[in-house]
Amino acid sequence: MAKQRIMYECMACGYESPKWLGRCPNCGGWNQMKEQVQMPENKSKPQVTVTLNRSNNDKGHAKRLSEINYEEQNRVSTSFDEFDRVLGGGVVNGSLVLIGGDPGIGKSTLLLQVSMQLAMNGQKMLYVSGEESLSQIKMRAERLGVTSENFYLMAETDLAFIAKEIETIEPDMVVIDSIQTMSVPDNTGVAGSVSQVRQATATLMRIAKDNQIAIFIVGHVTKEGNIAGPRMLEHMVDTVLYFEGEKHNRFRMLRAVKNRFGSTHEMGVFEMQDIGLQEVSNPSQLFLEERLENATGSSVVASLEGTRTILTEIQSLMTPTVFGNAKRTASGIEIQRVSLLLAVMEKHCGLLVQNQDAFFKTTGGVRLEEPAIDLAIAISIASSYWNRPIRVDDCFVGEIGLTGEIRRVSQIQERIKEADKLGFKRIFIPHSNADRLDLDVKIKVIPIKTIQDAVRHVFPKQ
Ligand code: TYD
Ligand code: MG
C-alpha cells in the first residue's frame, strides 16, 4: 500500500507546506494552515465524468472560427427579472455559476425558487443538496408553493453518484448546494477542504462544458468575506454572484462579481418573506419609504447600479467625541471614502470634525460603491454637523475631488429621470454634466461647481 503523507494546507488560498506554519507565505493569513492526510494519487482510476448524447465530441481538435456554430438562443430566462438581469439576460447553457453568501442569507431559498420556476418553464432541473434531507427540502418547496414534474431532487454529497444520476436523468440544469459539502472520490482531505472544493469545482466545470448543462454552485462565505476555499474558486467558474444583505433586514441584494457573459455592475433586489423571496422591481420606493421629514443628517443619492438608477438614503450622525480618538464607522459605504470626505469638509467648508465621532449608514442595507455618492454624503455630514435638515425633495449626485470640486459622473440623464419619476423637486448635479442635457422633466436641475457652492445652496443663510 502506498504511503500516506501529512501536508499542511492553507484554508484560505490552498498553499501547501510539509511543515506547519503560523503565517501562510502565499496569502499572508495567520493561523490558517490545517493538517491534511494525503494519499498518493491513484492514476488508474477514472475521474468522475458524464457522457450524454449531446456531449461535445470536438475534444482535442482545433477548429476554424467559421466552422464553429453556436446557437443564438443559448440563454434561458428564469422568469425572475431580477435574477436574469444580474446574469446578463438569463442562464447561459453550459455555464458554471457560483452563488456565494453568508450562511442563512437565503441562497438555498433563491436557487430552489429559481429552479422550480425553470422546471415549470420546461427545463429539466436536478437539485442536489448536501446539507438538507429530501423531506426538509420538500417541506420548504411546498411552502414556496410551486411543483413540477421536471424537478428532480437528490440528497447526496459524492460527486461520482451525482455524475451517474446526471447521466440517467439528463437534466438541462443542475444546482449543487453547497460546494463545501461535496467530495470527489479518491481525493484526500475531508469535504470542505481546499483541495476537495477545488477538485469538485473542476469536475463540475468539466461536466458543464462537455454536456452543455448549466450548473449553479452554492458556496458559503468565510468570515473574512471570501468564498470558503476561496478566491481560487472564483477564477474557475464563469460567473460569480454574491447574495448579500443584513440578516435582520428583509432586503437581499444579488450582485455579479465576475461574469463572462455580462456586466458585473448589475444588482438584483429581493425581499425575504414567509413565502420565500419576492422580487423588488422598484427598490427606490422601498428604500425611501421610512424616511423622516426634517431629520438632520439624511440625504438622498441617485446612484447607478448597472443599468438601473436606485435612489437611496444616506444617513450620517456627528456627535462630539467623549474621550480619546474620534470614532468613524460606516455600514454600506467604504470607510476610506467617508474619512476622505470628512477631511474635505473640514478643509473647504470649515467644519471641525476631528473631535466628532461620525457614523454612516445606507438604508435597506444597500452597499454603495460608485464615487457619484460623494456629494450626498458630504451634504449629510454638513446637515448633521450644523443640525440643519435637508429638504425631503432634494437629491444629490456628484463625485468630490480633493480640492472640493464636484466632478462629472456617468449617465446623468437616467439619474435625473429616475429622481423626477419619484417626485423629487430638485437635483444637484456636477456643473460639467449640465451642458448637454436633453430632458423633459419637472424636477429642477441645479448644476454646481464646488462643495462650498452646494452647501451655500442647500443651507441658505437664515
Ligand atoms: P436559506 O436559503 O436556508 O439560507 P442559505 O442557504 O443561504 O444558508 O435561508 C434561510 C433563512 O431564510 C432562514 O433564516 C429562514 C428564512 N426564510 C424565510 O424567511 N422565508 C422563507 O420562505 C424561507 C424558505 C426561508
Ligand atoms: Mg442553504
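The entries below take the helix before the strands.

Entry on the model. I keep in mind throughout that this is a predicted model.

Entry on the length of helix H8.

Entry on the sides of H8. I asked which residues of H8 are buried, and I found Arg337, Val338, Leu341, Leu342, Val344, Met345 and Cys349. They cover an arc of only 165° around the axis, so they lie on the same side of H8. On the face turned away from that buried side I noted the exposed residues Gln336 and Lys347.

Entry on the neighbours of H8. I then looked up what the buried residues pack against, and the list includes strand E16 (308-320), strand E18 (356-362), helix H9 (374-386) and helix H11 (451-458). Following H8 I came to Gly350, which has a positive phi near 70°.

Entry on strand E12. I looked up residues 251-259 and found the strand mostly covered, with seven of its nine residues buried. Strand E11 (residues 239-244) runs antiparallel to E12 and is joined to it by six bridges, with Val240 standing opposite Lys258 in E12. Six residues lie between the strands of this hairpin, where I noted that Gly245 takes a positive phi near 150°.

Entry on the other pairing. I also found E12 paired with strand E13 (residues 267-273) in the antiparallel sense over five bridges, and here Phe251 stands opposite Glu271 in E13.

Definitions and conventions: Residues are numbered from 1 along each chain as its sequence is written. Chains are lettered from A and ligands numbered from 1 in the order in which they are written. This is a predicted model: local features need pLDDT of at least 70, side-chain atom pairs count only at pLDDT 80 or more; totals for chains, interfaces and linings use all residues. Side-chain values use heavy atoms; hydrogens and water are left out. Buried means under 20% relative accessible area, exposed over 50%, partly exposed in between (1.4 Å probe, protein chains only). Helices (H or I, at least four residues) and strands (E, at least two) are DSSP runs, numbered from the N terminus. The arc is that of the directions from the helix axis to the C-beta atoms. Contact means heavy atoms within 4.5 Å. Two strands pair if DSSP finds at least two bridges between them.
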